[in-house]
Amino acid sequence: MNRMTVSQQRALEAFRDRVSDISKGDDSELLRWLRARNFDVNKSEAMLRGHMKIREEYDLDAILDWNPPEVLQLYQPGRFFGEDNDGHPVFYDVSGGIDMKGLMKSACEKDIVRLTLQNGEKTRQILKKHSADHGKHIDTVTVIMDLEGLSFQRHFWKKGLDLYIELIKLTESNYPEQLKACYVVKGPRVLSLLYGLCKPFIADETRKKVHFLGKDWKDVLRKAIPSNRLPSHYGGDAVGIDGDPTCGVRMKIVRPV
């Protein structure tokens, strides 16, 4: 708040008045929408009102009570584990191992969309808990994106790509400014092609936070995350149940049915 310019402070005041009929959040919450649209009050208002329509359409106030189909619970490509050096939660996105075609044959698209929104709401709750635990405002997440297994066969399928892009747009539009940093590890050569397809739908500020790591990726992660909170599979010392080196963050690969 104290690092805002005079013009940004004025934008916040104007935005607060504009959305007083729909927003119950504090200024830190309002700032997420303003930053996502470079403090353009009109665009930020349109974005927030669009989000409120999504909240109503998908009943987001109650979505945490929804139980996704079993296949999505088993094979969704991501888990939270630990926190970084600043106390921000760390999310492990292991999309490289997912078979999108198999997943879409096992679950309907609407449920995959609902799961994405549910995860967005879960992230908000996790951030609130971390803020309370650390006695400071924490509103962003560190992401480790593990792309081991990324291939043409499983990922370059038009229907799957179209859905993946829609999920990116959905997340960007409804949960903006929640990324602290994203470290991409074990990306194969096809990554450049996939990223090129998705890049136009990723906000500029988000792209600036994405770091594509090379062979020294474990060293980089160890500098960002305490070793005792980093799974040994990713260069740390933490192990899960029965000595699991991934601490449960890697899921099974779902195959077509």
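**Aromatic contacts in a predicted model**

Y234 is buried, at 0% relative accessibility (buried is under 20% relative accessible area, exposed over 50%, partly exposed in between, with a 1.4 Å probe and protein chains only). The model is predicted, so local features need pLDDT of at least 70 and side-chain atom pairs count only at pLDDT 80 or more, while totals for chains, interfaces and linings use all residues. Residues are numbered from 1 along each chain as its sequence is written, and side-chain values use heavy atoms, with hydrogens and water left out.

**Aromatic pairs**
- The structure holds 4 aromatic pairs (rings of Phe, Tyr and Trp, the last by its six-membered ring, with centres within 6.5 Å; planes under 30 degrees apart are stacked, over 60 edge-to-face, the rest tilted).
- One of them joins Y195 and F212 edge-to-face, at 5.0 Å centre to centre and 75 degrees between the planes.
- This pair links distant parts of the chain, 17 residues apart: Y195 lies in helix α9 (residues 191-198) and F212 in strand β5 (residues 210-212). Helices (H or I, at least four residues) and strands (E, at least two) are DSSP runs numbered from the N terminus.
- F212 is partly exposed, with a relative accessible area of 41%.

**Around W217**
- W217 and Y234 are edge-to-face because their ring centres are 6.1 Å apart and their planes stand at 65 degrees.
- W217 is in helix α11 (residues 217-224) and Y234 in the segment after α11, 17 residues apart, so that the pair links distant parts of the chain.
- W217 is buried, with a relative accessible area of 11%.
- Y92, W217 and Y234 form one aromatic cluster.

**Charge over a ring**
- The charged end of R114 sits over the ring of W66, 4.3 Å from its centre (NZ of Lys or CZ of Arg within 6 Å of the ring centre and within 35 degrees of the ring normal).
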